[in-house]
Amino acid sequence: MGVFVSAISGVLIILIMIALGFILARNDWFDSKMTSMIARLVTQIALPAYMVSTIMEKFTAKKLLTTLPDILFPFVSMFLLYIVSIVIVKLFKIPKIHSGLFQSMFSNSNTVFVGLPVNMALFHSPSLPFVLVYYMVNTTFFWTLGVYLIQKDGVGSEAAVNWKKTLKKVFSPPLLGFVVGVILVLLHAKLPNFIMQDLNYVGGLTIPLSMIFIGISINSVDLSNIHFDRSNFLILFGRFLLAPAVMSFLVIPTGMPTLMKQVFIMQSAMPIMTNAPVVSRLYHADSEYASIMVAETTLLSLIVIPILMVLVQKI
């Protein structure tokens, strides 16, 4: 019972911040420019600072070298989900205009705007190193194969990987913050106290702004457009049932730390990446379909997360 109460408390922390963003957006506090500014502030400023400060405070060189090889597990999990998504597209006759977007959303999760705050609320700061390991793989997977699949759905756009743009997206500010933090730890470098405090203050914006952004995003979706058809149910099945099941199958038999197993399972079951509608719009794919699925999975994750939290505590 204590575990369930802890899970509910963690989710309530997140839900209250999301509700704040939703209420403020409902009362016209934010226009599209300000919403974009919040997303950029999180991903380009706050999160990189958070990465550097937390890695330097929570990691040692030895811990880094033992943790990074476990990057294989998220990669294998996402690749297996991608293979399953191909089979589902053919078996359930997903429309061709949605097939690539379906596969991308089926395979990738929202590791920053939802995954990071969820794990910090449920497992606290010791979970962060493992969140970052999962984030590295998820980001790389989405901006390479995921974007290529969405391009395939685009009207009048030829699916191809622009390696210059792809590398720029993969080596985004958060990932560069991660890399900088790793290098500093491996070199046993120490930053001056005032810089570390600045990084902590700026990085502290990450979680509340992420949750407020999700609330704004939910407000921007016309809930009357939300519906559940075969394609929607299959994505919900992939995100909330199959993904954590596959990850559990991969990590539970291993000797990795229990907390890493729990974080990987939770991260695998997060909602769809908020980048999916943006990329869909860019390549003239069905961005409305992507937006609806982001809203549906984000809202339903508020039910799934406490249930999954109780289950992973039994590992």
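Gly-115, Leu-116, Pro-117, Val-118, Asn-119, Met-120, Ala-121, Leu-122 and Phe-123 are the buried residues of helix 6. That is nine of nine, so the helix is mostly covered. His-124 follows helix 6 and has a positive phi, near 70°. The model described here is predicted.

**The chain as a whole**

The chain holds 15 helices and zero strands. Of its 315 residues, 54% are buried. The accessible surface of the chain is about 14700 Å². Carbon and sulfur atoms account for 69% of that surface. Among contacts with a separation of 6 or more, 85% join residues 24 or more positions apart.

**Helix 13 and its surroundings**

Helix 13 is another mostly covered element, with nine of its 11 residues buried. The buried residues are Met-260, Lys-261, Gln-262, Val-263, Phe-264, Ile-265, Met-266, Gln-267 and Ser-268. What do these buried residues of helix 13 pack against? Their partners are helix 3 (61-67), helix 4 (72-91), helix 6 (115-123), helix 7 (128-153), helix 12 and helix 15 (287-312).

The pairing with helix 12 can be described in detail. Helix 12 spans residues 230-251 and helix 13 spans residues 258-268. Their axes come within 8 Å and cross at roughly 155°. An angle over 145 degrees counts as roughly antiparallel, so helix 12 is roughly antiparallel to helix 13. The crossing of helix 12 and helix 13 is right-handed. On the helix 12 side, the contact uses Arg-239, Ala-243, Pro-244, Met-247, Ser-248 and Val-251. Helix 13 contributes Lys-261, Phe-264, Ile-265 and Ser-268. By class, these residues divide into six nonpolar, two polar and two charged. Lys-261 of helix 13 is in this contact and is also on the list of buried residues.

**Two further helix pairs**

Two packed helices are described by the angle between their axes and the distance between the axes. Helix 2 (residues 32-58) and helix 9 (residues 173-186) have axes that come within 8 Å and cross at roughly 20°. Under 35 degrees counts as roughly parallel, so helix 2 is roughly parallel to helix 9. The crossing of helix 2 and helix 9 is right-handed. Helix 2 brings Thr-43, Gln-44, Leu-47, Pro-48, Met-51, Val-52, Ile-55 and Met-56 to the contact. From helix 9 come Pro-173, Pro-174, Gly-177, Phe-178, Val-180, Gly-181, Val-182, Leu-184 and Val-185. The contact of helix 2 with helix 9 has 13 nonpolar and four polar residues, and no charged residues.

Helix 14 (residues 275-282) and helix 15 also have axes that come within 8 Å, here crossing at roughly 180°. Helix 14 and helix 15 are therefore roughly antiparallel. Ala-276, Pro-277, Ser-280 and Arg-281 of helix 14 meet Ser-287, Ala-290, Ser-291 and Val-294 of helix 15. This contact divides into four nonpolar, three polar and one charged.

The crossing values are set out below.

| Helix pair | Axis distance | Crossing angle |
|---|---|---|
| Helix 12 and helix 13 | within 8 Å | roughly 155° |
| Helix 2 and helix 9 | within 8 Å | roughly 20° |
| Helix 14 and helix 15 | within 8 Å | roughly 180° |

**Positive phi in two loops**

Most residues other than glycine have a negative phi. Asp-28 has a positive phi of about 60° and is not a glycine. Asp-28 sits in the loop between helix 1 (2-26) and helix 2. Is Asp-28 buried or exposed? Asp-28 counts as exposed, because its relative accessibility is 68% and the cut-off for exposed is over 50%.

Lys-93 also has a positive phi, near 55°, in a residue other than glycine. The loop between helix 4 and helix 5 (96-107) holds Lys-93. Lys-93 is exposed, with a relative accessible area of 64%.

**Asp-153**

Asp-153 lies in helix 7. At 7% relative accessibility, Asp-153 counts as buried. Which residues does Asp-153 touch, leaving out those up to four places away in sequence? They are Lys-96, Ile-97, His-98, Ser-99, Gly-100, Leu-101, His-284 and Ala-285. Gly-100 is 53 residues from Asp-153 in sequence, yet the two are 5.8 Å apart in space, C-alpha to C-alpha.

How values were computed. Residues are numbered from 1 along each chain as its sequence is written. This is a predicted model: local features need pLDDT of at least 70, side-chain atom pairs count only at pLDDT 80 or more; totals for chains, interfaces and linings use all residues. Side-chain values use heavy atoms; hydrogens and water are left out. Axes are lines fitted to C-alpha atoms, for helices over the stretch in contact, and angles run from 0 to 180 degrees between N-to-C directions. Helices (H or I, at least four residues) and strands (E, at least two) are DSSP runs, numbered from the N terminus. Angles under 35 degrees count as roughly parallel, over 145 as roughly antiparallel, 65 to 115 as roughly perpendicular and the rest as oblique. A crossing is left-handed if the near helix is turned anticlockwise from the far one by less than a right angle, and right-handed if clockwise. Contact means heavy atoms within 4.5 Å. Ala, Val, Leu, Ile, Met, Phe, Trp, Tyr, Cys and Pro count as nonpolar, Asp, Glu, Lys and Arg as charged, and the others, Gly among them, as polar. Buried means under 20% relative accessible area, exposed over 50%, partly exposed in between (1.4 Å probe, protein chains only). Accessible areas come from the Shrake-Rupley method with a 1.4 Å probe; for residues, only the protein chains shown count as cover.
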